[in-house]
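Student: Hi, could you walk me through this structure? I'd like to start with the strands and then hop around a bit.

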Amino acid sequence: MSEDESSFVYEITVNGTTEIKPWLRSFGSSCEILEPVQLRREMIAEWKEIRSYYEPVRENI
Amino acid sequence: MNLFEKIFNYQLLSRLEDSGAFMVTSHERSWLKTMLEHPAAADAFTADTLSKLRSVLEPDTVMDTSLHLIEKAGTIERQVYHPLLRPLRRHIMSKSGIRMTYEVKNGRVNKGHAGLPYKLEYSMVKREWYLLWYHTRRRAFMSTRLNKIHAVEPEPLNPRAAESMLKRIGNVLESRQKEVVIEIVRAYNEELSRILYAFSCFEKKVEYAADTDTYRVTVKLPGDEMEYLLSKLRFLGKRVRVTKGDYLQSRLLEASTKALERYGVSSEG
């Protein structure tokens, strides 16, 4: 675990990533998953999906 | 179970309900017996009720959770049952006034203030009980932690005055309510019970539209509880979509945009 003034890196051992995802999401943009890459990808995909729900429809210019 | 059995069971259950009786399973009985061993049980029941419950549960076994459960990283249990809950609930039910001595933020003590209590509320965030009451002289809506109450006594109040005060309180509180509509994204219909569980502490109405196979949850809540609902929505992620509620929609857009920026994904991505 490493730490500086604005952030810290947190390592946690879990049995699977499914159950920890809601908890990680609840931190919103204050948390970034560094690894495993698969979970990082899943989280990006999930945030994209959430953003698409609320994004104003862009007009074609 | 066949249809006739179902009808029979339903009739049996509704008859039991009419007679004021209810059924408990042996699991529930042994759970209750275990709970009665908690130190807070002495505050939660009168001595009479407690000894009656204990004698009724005599033949049941205590649930030994230590064999199967290890609690890790639990939050500190500050308050299970506050001794003031019972008397305050009685005052609320009998629409009685109160005279109360309580501590305010800077440690100052307000002595013998008169008011009308109307609700006991448990904060899921602070994990503590609050009394919501109307301060008669200041005409203000108060929220006081039970832990900050030094003394409280009932004070007779003209029933008609109490009625009209409660009506006014109800109207003001109603006007502060906000309505939010949350749609469950159809692909996650299977997770319905889990999703609804996340909203279990809110006043809500669930509707199902058969033509589109969609569940819609209408939540009514006071404006100051929006942040708590927001945390639940972030928790559920893409399973739900807010279809009515400008504030929540903008906050969720903000959270997702900022999170993606952190991952280095631009808004065009």
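Student: Which residue stands opposite B:Ala209 in β8(B)?
Tutor: B:Thr214 is the one opposite B:Ala209 there. Strands here are DSSP runs of E with at least two residues, helices are runs of H or I with at least four, and both are numbered from the N terminus. Do keep in mind that this is a predicted model, where local features need pLDDT of at least 70, side-chain atom pairs count only at pLDDT 80 or more, and totals for chains, interfaces and linings use all residues. Residues are numbered from 1 along each chain as its sequence is written, while chains are lettered from A and ligands numbered from 1 in the order in which they are written.

Student: Okay, and how many bridges link β7 of chain B with β8(B)?
Tutor: Seven, in the antiparallel sense, with β7 covering residues 203–209. Strands pair if DSSP finds at least two bridges between them.

Student: What's in the turn of that hairpin?
Tutor: Four residues sit between β7(B) and β8(B), and B:Asp213 takes a positive phi near 55° in this hairpin.

Student: Which strand does β6 of chain B join?
Tutor: Strand β6 (residues 177–184) is joined by seven bridges to β8 (residues 214–222), and the two run antiparallel. B:Gln177 is placed opposite B:Pro222 of β8(B).

Student: Where is B:Arg139?
Tutor: B:Arg139 lies in the loop between β3 (128–135) and β4 (140–145) of chain B. Its phi is positive, about 50°, although B:Arg139 is not a glycine.

Student: Is B:Arg139 buried or exposed?
Tutor: B:Arg139 counts as exposed because it has 9 C-beta neighbours inside 10 Å.

Student: What is B:Thr144 in contact with?
Tutor: Setting aside neighbours within four places in sequence, its contacts are B:Tyr102, B:Tyr130, B:Leu131, B:Trp133 and B:Ile149. Contact means that the C-beta atoms, placed from the backbone, lie within 7 Å.

Student: Switching to chain A, how many helices does it have?
Tutor: Chain A has two helices and zero strands. Of its 61 residues, 8% count as buried.

Student: Which peptide bond is cis?
Tutor: The one from A:Glu35 to A:Pro36, with omega near 0°. A:Pro36 is in the loop between α1 (21–25) and α2 (37–54) of chain A.

Definitions and conventions: A residue is buried if 20 or more other C-beta atoms lie within 10 Å of its own, exposed if 12 or fewer, and partly exposed in between; C-beta atoms are placed from the backbone. Two residues are in contact if their C-beta atoms, placed from the backbone, lie within 7 Å.
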